[in-house]
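Please look at the structure below and follow how its parts meet. The report turns to aromatic rings, then to a contact between helices, and lastly to charges placed over rings.

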Amino acid sequence: MIEWLMVLGPIYVLVLATLAWRSRDANQSEKEFLLGNAKLGLMVGLLTTAASLFSTFTLQGMPDFFRQHGVASWIFLAVADGVMIFVIVWFAFYLRRKVSQKGFRGVGPLLNECYRTPWAGRMYFLGIFVFLIPYVSIQIKGITIFLTAVFPDFMPTWAWGLLIIGIMLLYSETGGLKAIIFADVIQAVVLLTVVWIIAVVCLDKMGGVSEMLQQVERQNAALLSSPGPKGLLGPQFLFASMLAIAFVPITQPHITTRLVIMKSIKETHRMAIGIGVFAILVILPTLFIGFYGAINYADLSTPDFLSQVLLFDQLPWVAALAVIGLLAAAISTSDSQLFAMGTEFRGLFAEGISRMTMTRLAIVFFAVCALAFSQIASDELALLAISGFSGTAILGPMILVAILTDRPPAKWMIIATGVGLICFLGSQFGLIPKALLGMNLNWLIVTILGGIAFFAASRND
Amino acid sequence: MNRKRLWLLSGLGVIVMIAIIYNPWTLSPGKIEPKLGVLPFHLWFGFLSMLILLGLTALGAYSHPTHHNNEEDL
């Protein structure tokens with residue numbers, strides 16, 4: 001495997017470097033650097049959005065989720081993605097209409113224009129910083145777990161994290177959003193290819209789908225239904241997770257930006273359908289991989305299970321490809337989110353001739369924060385991801401009321417959102433219960449803010 | 001049926017699907033029967049739900065009032 005990695009790794013890095021350099025030559029302006037050419041066609045738009053959405057959380061988190069929680073994991077992610085793609089179709093129209101009226105320098109600045117106060121953008125930025133940094137960190141953590149298993153005692157995990165962050169920053173700072181988008185296209189293809197190769201190998205070893213399900217039933221029948229052996233995936237958790245995922249196109253800047261820079265609304269709609277197909281194609285194989293783990297490695301820790309099934313049980317060239325695939329998945333999501341945060345920072349806080357420099361420094365700062373957090377984050381990748389999505393979902397009502405209404409919404413919507421974020425953070429640190437009145441707290445907060453948003457829209461400033 | 005009505009129907013369809021999927025009766029603990037072939041209930045129901053949602057999104061996208069409009073550049 002190491003030999004294959006020595007060949008495939010440099011090829012992959014060379015491709016990224018070439019894309020970054022070519023994008024740098026084509027960059028004419030700050031807008032080009034931060035928004036690409038703002039006319040993404042269907043295939044590029046689909047693959048870059050898919051790569052940004054489906055991260056190490058998919059290739060590592062989901063197999064482990066299926067292994068531990070069973071079939072309801074499909075409802076947890078794939079069905080929730082089915083709702084999300086409809087939200088894309090619905091939301092994209094209003095977003096693009098608002099952007100055509102007010103221009104686009106980032107979601108935060110757009111909110112400032114809508115609310116006519118800089119506090120809207122600041123609240124938005126606070127939310128995405130607090131909840132997206134952990135999400136980026138789990139990408140890094142996911143891949144460093146792997147690389148440590150592949151090269152034991154070669155480098156400490158923090159050094160691997162530093163290397164990955166370095167690669168990411170090098171090509172994104174060189175080529176801007178265009179380089180990220182081109183890299184995403186390659187990474188989406190690599191991710192899809194790798195996950196299916198591994199899944200087919202696992203399925204073959206299990207003797208097919210029917211035999212797989214029979215073995216799972218003998219091993220642990222609770223995996224074949226909700227809520228799963230650990231009782232996690234019940235109706236409330238699944239519903240709250242669905243809400244969090246459905247809000248992703250609205251609240252996560254790297255996805256929202258891609259909706260803005262698609263060539264046309266028609267291409268955006270087609271892209272949404274494509275994302276749905278991609279979701280099925282990329283999540284289904286993780287079910288096979290997860291159940292393979294449930295049959296053979298039920299008692300292993302998450303890192304040991306993933307190392308075993310993605311590396312040691314595969315042919316050397318497949319294992320090497322898995323490492324590349326994971327690297328691609330981690331980088332494609334992380335670079336998009338870090339870059340988006342840098343763009344938001346530039347639009348909100350960086351004024352004057354040193355704006356680009358400050359943006360670049362901000363991206364580096366966010367990357368360092370993510371690296372630091374990755375050293376202390378847990379191994380529960382899927383659950384950490386959902387915490388991140390749930391946190392940013394709280395920003396949803398504030399954003400929606402700004403995008404959907406023509407006149408400035410009431411400014412107390414911003415304060416209400418801040419209170420909601422504080423409450424949710426409190427629940428994550430155990431200061432507030434995670435359920436109140438029998439309802440999941442995140443769901444409760446979003447519902448209350450939704451009601452407040454209704455009044456904020458009708459009581460315009 | 002005109003496109004606007006189709007668009008509204010597709011949205012309504014998604015809301016109905018959410019209500020059908022995410023309720024304690026559909027997601028009864030330990031519900032494996034009825035199976036579809038070898039697939040336990042929550043698995044085949046999940047597959048079917050995703051396909052239906054994809055279909056509703058495709059319907060909604062095609063029938064959206066702006067789907068065939070030209071837009072100004074950003």
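## Aromatic pairs

Across all chains of this predicted model, a search of the whole structure finds 25 aromatic pairs. One of them joins A:Phe66 and A:Phe291 edge-to-face, with 6.3 Å from centre to centre and 80° between the planes. Because A:Phe66 belongs to helix 4 (residues 56–69) of chain A and A:Phe291 to helix 13 (residues 265–296) of chain A, this pair ties together parts that are 225 residues apart in sequence. Both A:Phe66 and A:Phe291 are buried.

A:Trp196 and A:Phe288 also form an edge-to-face pair, at 6.4 Å centre to centre and with 65° between the planes. Here A:Trp196 lies in helix 8 of chain A and A:Phe288 in helix 13 of chain A, so the pair ties together parts that are 92 residues apart in sequence. A:Trp196 is partly exposed, at 28% relative accessible area, whereas A:Phe288, at 9%, counts as buried. Elsewhere, ring pairs link A:Phe125, A:Phe129, A:Phe345, A:Phe365 and A:Phe366 into a cluster.

## Two helices in contact

Helix 3 (residues 42–53) of chain A packs against helix 8 (residues 157–206) of chain A at an angle of about 75°, their axes being 8 Å apart, which means that helix 3 of chain A is roughly perpendicular to helix 8 of chain A. The residues of this contact comprise seven nonpolar, two polar and one charged.

## Charges over rings

In chain A, the charged end of A:Arg122 sits over the ring of A:Trp119, at 4.7 Å from the ring centre. In chain B, B:Lys31 lies over the face of B:Phe41, 4.9 Å from the centre of that ring.

Terms used
Residues are numbered from 1 along each chain as its sequence is written. Chains are lettered from A and ligands numbered from 1 in the order in which they are written. This is a predicted model: local features need pLDDT of at least 70, side-chain atom pairs count only at pLDDT 80 or more; totals for chains, interfaces and linings use all residues. Side-chain values use heavy atoms; hydrogens and water are left out. Axes are lines fitted to C-alpha atoms, for helices over the stretch in contact, and angles run from 0 to 180 degrees between N-to-C directions. Helices (H or I, at least four residues) and strands (E, at least two) are DSSP runs, numbered from the N terminus. Angles under 35 degrees count as roughly parallel, over 145 as roughly antiparallel, 65 to 115 as roughly perpendicular and the rest as oblique. Ala, Val, Leu, Ile, Met, Phe, Trp, Tyr, Cys and Pro count as nonpolar, Asp, Glu, Lys and Arg as charged, and the others, Gly among them, as polar. Rings of Phe, Tyr and Trp (its six-membered ring) pair if their centres lie within 6.5 Å; planes under 30 degrees apart count as stacked, over 60 as edge-to-face and the rest as tilted. Buried means under 20% relative accessible area, exposed over 50%, partly exposed in between (1.4 Å probe, protein chains only). A charge sits over a ring if NZ of Lys or CZ of Arg is within 6 Å of the ring centre and within 35 degrees of the ring normal.
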